[in-house]
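Here is a short report on a protein model. Look over the structure first, then read on.

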There are 2 protein chains.
Amino acid sequence: VSGARTPEAAVEVVAIGTELLLGETMDGNGAWLGRRLAAEGIRVVGRSVVPDDEAAIGDAVAVALARTGTVLCSGGLGPTRDDRTRAAVAGLFRRRLVVDDAWLEVVRERFARRGLVMAPSNRAQAEIPEGAVLWPNARGTAPGIRVEDARGAVVLLPGVPHELRALVEDHVVPWLRERFPLRPGPVASRVVRTTGIAESALGERLDDLLPQLAPLTVAFLPSLDGTDLRITSWGSLSSREAEAALDAAEARLRERLGILVYATGDTGLAAVVGATLAARGMTLGLAESCTGGLISARLTHAPGASTWFLAGYVTYSNDAKQRDVGVPADLLSAHGAVSAEVASAMAEGARRATGADCGLAVTGVAGPAGGTEAKPVGTVYIAAAVGSEVAVRLLRLGGDRFEIRHRSAQAALDLLRRRLLEAAG
Amino acid sequence: VSGARTPEAAVEVVAIGTELLLGETMDGNGAWLGRRLAAEGIRVVGRSVVPDDEAAIGDAVAVALARTGTVLCSGGLGPTRDDRTRAAVAGLFRRRLVVDDAWLEVVRERFARRGLVMAPSNRAQAEIPEGAVLWPNARGTAPGIRVEDARGAVVLLPGVPHELRALVEDHVVPWLRERFPLRPGPVASRVVRTTGIAESALGERLDDLLPQLAPLTVAFLPSLDGTDLRITSWGSLSSREAEAALDAAEARLRERLGILVYATGDTGLAAVVGATLAARGMTLGLAESCTGGLISARLTHAPGASTWFLAGYVTYSNDAKQRDVGVPADLLSAHGAVSAEVASAMAEGARRATGADCGLAVTGVAGPAGGTEAKPVGTVYIAAAVGSEVAVRLLRLGGDRFEIRHRSAQAALDLLRRRLLEAAG
């Protein structure tokens with residue numbers, strides 16, 4: 001391949017945009033390109049961010065080109081005077097900018113189809129360095145452009161994320177596969193999601209297992225949802241081998257962790273609970289106090305939730321707990337709103353009021369005010385009524401109001417998931 | 001100042017970390033540094049991301065140093081073998097790495113206070129290039145380090161965001177202020193938030209006003225919440241002048257846009273509605289269908305919401321609409337659940353059932369299924385019962401389920417906000 005400077009499947013990325021340096025926009029394209037190319041066995045070995053300045057762009061691209069011979073640039077291809085990427089790269093390759101008439105016609109027709117006249121400034125977007133290859137952009141007016149000489153190849157891509165991604169999938173990846181026929185295996189990973197166990201306890205449970213998964217590594221990613229485990233093959237395995245190794249590693253983790261694993265990938269716990277209810281033809285009624293509708297909102301995010309989600313009550317006041325889900329007044333006065341007894345009565349009440357098969361409830365102190373010595377901020381009771389049993393749990397959570405509410409919602413959903421699995425088993 | 005290469009208040013940033021290039025972590029530090037330094041009148045004129053590789057780090061820092069004479073590095077200061085930043089920069093300055101005994105003692109004591117013995121690997125974190133300045137890190141074991149020679153200054157900072165930020169505030173910013181005594185005004189901005197008007201319509205309303213705000217510029221930032229307006233002073237004004245100009249510009253925008261403006265900064269609409277209810281000593285009852293608890297969750301996010309939020313009903317089924325908020329069955333059969341009549345009955349029913357001063361309700365088709373020719377996906381009715389009047393609005397929303405739910409919640413909150421303001425006026 002002309003211009004390939006290194007046998008290694010390595011590229012550099014240059015992101016262009018003053019707003020990126022000012023921190024007003026995050027360089028999401030850079031992170032995405034890193035992940036996408038790693039999945040092809042191609043490494044991004046350097047990335048730079050430069051302002052919309054012709055000299056700075058030319059300088060950065062020249063340095064990157066000298067280092068790897070393959071440079072992907074994003075941004076600075078708009079129709080305005082601020083957009084200097086085309087001119088900078090044409091200068092670096094000592095080429096004139098010439099209008100690509102075919103592309104100009106495509107853009108003109110697109111405007112015409114919407115009953116619009118193309119602005120004269122869009123003409124600049126049809127300019128490419130003489131002899132460059134143009135890759136059509138189906139989603140916007142700035143095409144992808146590839147320029148090469150003996151030093152290597154430079155690819156220009158628009159900065160709009162969905163336009164950049166489509167051009168990378170359709171044109172850049174196929175071209176890079178040809179350019180680097182001999183490349184290592186992909187960086188391939190899979191996320192196994194756990195909840196209801198502390199990161200440190202999870203680490204202890206897996207301590208002897210993790211070395212056995214080599215060459216795969218396992219990273220612990222704790223969040224308010226629990227701890228995700230990211231299993232990764234770093235390139236020593238082929239695509240097919242990596243897939244098989246990930247399958248085997250996932251199976252080992254599931255075998256070891258059992259019910260602690262609730263999903264893989266980016267599936268959330270609410271989606272898992274919804275799918276479990278739907279699969280069993282069961283319905284749910286909900287009563288939330290301190291989570292204030294969070295669980296309800298998460299559950300009804302799933303399309304088709306109406307087949308299994310009957311109704312939810314945000315019973316914020318004691319009045320509402322009595323009126324809407326029938327918590328007896330004497331239970332409230334004897335134990336307080338934040339108690340196992342009230343949580344249990346709320347879960348049963350939500351089930352009874354809605355006529356559902358299951359009831360789920362949360363009551364607690366999310367703070368910052370409302371804590372007492374006996375029931376400090378972070379004291380939360382969750383209850384699930386499934387079958388003839390009501391399971392109640394006490395949580396003692398740390399963190400601020402946001403964290404306590406989020407963790408409470410997650411724990412309540414997990415209690416329901418476990419009860420559904422146990423009731424079926 | 002020794003080593004100042006350019007009179008301009010310009011720095012370069014080098015972020016170190018293989019995981020940043022693989023796209024597994026976003027370089028949030030880079031964006032934050034850009035914003036923070038711009039607020040001091042200091043420009044980040046280039047940023048690069050390099051792997052945990054000594055040669056690559058040394059190379060990138062050398063290039064950046066030659067360009068501006070002031071380089072800030074983040075990351076690669078951990079205790080493990082992977083962390084190469086110290087060694088790379090010591091090499092670049094031809095200095096030995098020496099242990100800073102005072103810092104080693106600080107770290108040892110911190111471990112001791114928690115009843116722990118310092119791991120030997122932490123010793124590496126007390127190493128600094130001979131003659132460098134050490135800035136203590138109150139939140140972690142890797143200190144800030146500053147090395148200078150005739151070429152300029154290089155600052156090393158840990159990659160953990162809250163550690164980096166504290167070191168920048170406490171040490172880097174004061175040092176840069178001395179280093180660049182003559183610098184332009186800050187990049188200072190303010191966000192004015194609007195909702196309930198399309199970006200294009202907003203643009204037309206402001207068309208003649210925006211040029212009058214020069215030298216400030218106004219950027220339009222559309223999102224599911226509405227369109228934010230970011231007013232920015234780019235450095236031609238002093239800090240004090242910029243503040244006064246932002247005040248004046250905000251006043252002009254508010255005067256022009258009136259009730260369309262709901263907040264400034266990062267205050268959300270739910271917080272505004274909550275504060276308005278609290279200020280008037282009024283209470284709220286809520287009935288949600290397609291938003292499924294989203295509005296409730298957003299409102300109860302505010303600490304102290306229990307003083308004005310009485311209860312919410314997620315009346316997903318027709319049964320629930322009748323049972324919980326008393327929507328008459330004949331209204332449901334005559335007009336359907338998604339209708340102005342039912343929305344209105346839900347708002348009044350939520351108010352009546354909870355005994356609140358106000359009622360708010362949403363019913364609609366969030367999709368992807370459930371749409372009809374007469375009521376396609378995106379058809380949503382919102383209703384607010386305030387005082388003796390029930391206001392109902394029909395929304396025709398585009399987008400997917402997530403977007404429709406989010407936009408419906410925002411529109412309902414905005415309807416309540418406007419009704420509260422009008423009722424008071």
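Predicted model: local features only at pLDDT ≥ 70, side-chain atom pairs only at ≥ 80, totals over all residues.

Now take one pairing within chain A. Strand E13 (residues 284–288) and strand E15 (residues 358–364) of chain A run parallel, joined by five bridges. A:Leu284 has A:Cys358 in E15(A) as its bridge partner.

**Two buried residues**

A:Ile382 sits in strand E16 (residues 379–386) of chain A. A:Arg419 sits in helix H14 (residues 401–424) of chain A. Are these residues buried or exposed? Buried means under 20% relative accessible area. A:Ile382 has 2% relative accessibility, so A:Ile382 counts as buried. A:Arg419 has a relative accessible area of 9%, so A:Arg419 is buried too.

What surrounds them? Beyond four places in sequence, A:Ile382 touches residues including A:Ala361, A:Val362, A:Leu395 and A:Leu415. A:Ala343 is 39 residues away from A:Ile382 in sequence, yet their C-alpha atoms are 6.1 Å apart in space. A:Arg419 is in contact with A:Ala384, A:Val386, A:Glu389 and A:Ala391, leaving aside neighbours within four places in sequence. The side chain of A:Arg419 also makes a polar contact with the side chain of A:Glu422, at 3.0 Å.

**A second sheet in chain A**

Four strands of chain A form another open sheet, in the order E10-E11-E9-E12. The pairing is antiparallel. Strand E10 (217–223) and strand E12 (261–264) are the edge strands, and each pairs on one side only. The twist here averages 25 degrees from one strand to the next. Helix H8 (residues 239–257) of chain A packs on this sheet and touches E9, strand E11 (226–233) and E12. The direction of H8 makes about 15 degrees with that of E9(A). Three bridges join strand E9 (residues 188–194) to E12(A). One bridge pairs A:Thr194 with A:Val261.

**A covered helix**

Helix H2 (residues 28–38) of chain A is mostly covered. How many of its eleven residues are buried? Nine are. Among them are A:Trp32, A:Leu33, A:Arg36 and A:Leu37. The buried residues of H2(A) pack against strands E1, E2 and E3 and helix H6 of chain A, together with helix H1 (18–21) of chain B.

**Where the chains meet**

| Item | Value |
|---|---|
| Residues in contact | 54 residues of chain A, 55 residues of chain B |
| Buried area | about 4,300 Å² |
| Salt bridges | four salt bridges |
| Polar contacts | 38 residue pairs |

Of the buried area, 54% is on carbon and sulfur atoms. One salt bridge joins the side chains of A:Arg67 and B:Asp59, at 3.1 Å from N to O. On the side of chain A that touches chain B, the largest share comes from E2(A), with seven residues.

How values were computed:
Residues numbered from 1 in each chain as written. Chains lettered and ligands numbered in written order. Heavy atoms only, no water. Pairing = 2+ DSSP bridges. Axes fitted to C-alpha atoms, helices over the stretch in contact; angles between N-to-C directions. Contact = heavy atoms within 4.5 Å. Buried < 20%, exposed > 50% of the residue type's maximum accessible area, 1.4 Å probe, protein only. Polar contact = N/O pair within 3.5 Å; in protein donor to acceptor, adjacent residues only side chain to side chain. Buried area = accessible area lost by both parts, 1.4 Å probe.
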